[in-house]
Amino acid sequence: MPTDIRRSTYRLTAAALVGATLIAAGPALAKKEEPTPYVYGPAPEWSQFTALAEAAIRAQLIDPDSAKFEWPNGYKQGFFKPFFSRRINGYVTCGLVNSRNRMGGYVGRTYFVVVEDNGAVLYSEIGKGDGVDMLSTTCASASLPPAPTAVAPSAPALGVEVFATAEGAAISAVTPGSLGDAAGLKPGMVVTKVNGIAIKGMSADLLRQMLAGIVGNATLELTGGTTITVAKP
């Protein structure tokens, strides 16, 4: 932590001023920064959105299985602009995550931001545990709708059983006549990414939750570079 109080105050003030422009949506900004309007995909189901977001955030944690998520906000159609980078359009939200560090202790509730569109995570980032960073300041003051209270219906299951491996998730069984069976998934295949999200290091339970939460197409990337898309109604 900085020992100079004035320096710390300056950092927070600067972060708040800059951060206020990061999560936004509006014709004035769109016209100024992006001559060609961005075409958003359909608004995602809340269960799908959170399942993909949590998978993306877990992939950045030291202990993914220990993660505890809080969803005080819903998402909004807009963009997020990382510092010194182009803005990312999509459906944007901020949440909170707490997880264990290398010593086994919980680091504390930490803000994260996620941008999704068309069933994929386009950007995800976790703030600093002490909250003194631009992302945390932005999320704390962001104008976002409250999280939905109603739980969306569960998405149709793929009909596959998986277990965690060093590379990702190995398929151990496929239910005949299931969506996975129709797409060509076979026992022995090893999935490394789901909708662009690397799943290496996730537990079998988390993998099952992620697959079950996907609404719409599920694109599975296998070892060897093969890709199989499972169409979920």
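The model is predicted: local features need pLDDT of at least 70, side-chain atom pairs count only at pLDDT 80 or more, and totals for chains, interfaces and linings use all residues. Residues are numbered from 1 along each chain as its sequence is written, and side-chain values use heavy atoms, with hydrogens and water left out.

**Stop 1: the disulfide.** Select Cys94 and Cys139. Their sulfur atoms sit 2.1 Å apart and form a disulfide (a pair of cysteine sulfur atoms within 2.5 Å). The count by this rule is one disulfide. The S-S torsion of Cys94 and Cys139 is about -70°, so the bond is left-handed. Cys94 belongs to strand β3 (residues 88-98) and Cys139 to helix α4, so the pair ties together parts 45 residues apart in sequence. Helices (H or I, at least four residues) and strands (E, at least two) are DSSP runs, numbered from the N terminus. Both Cys94 and Cys139 are buried. Buried means under 20% relative accessible area, exposed over 50%, partly exposed in between (1.4 Å probe, protein chains only).

**Stop 2: helix α4.** Select residues 134-141. Leu135, Ser136, Thr137, Thr138 and Cys139 are buried here.

**Stop 3: two asparagines.** Most residues other than glycine have a negative phi. Select Asn118, in the loop between β4 (110-117) and β5 (120-126). Its phi is near 55°, a positive value. Asn118 is exposed, at 56% relative accessibility. Next, select Asn195, in the loop between β8 (190-194) and β9 (197-198). Phi of Asn195 is positive too, near 50°. Asn195 is buried, with a relative accessible area of 10%.
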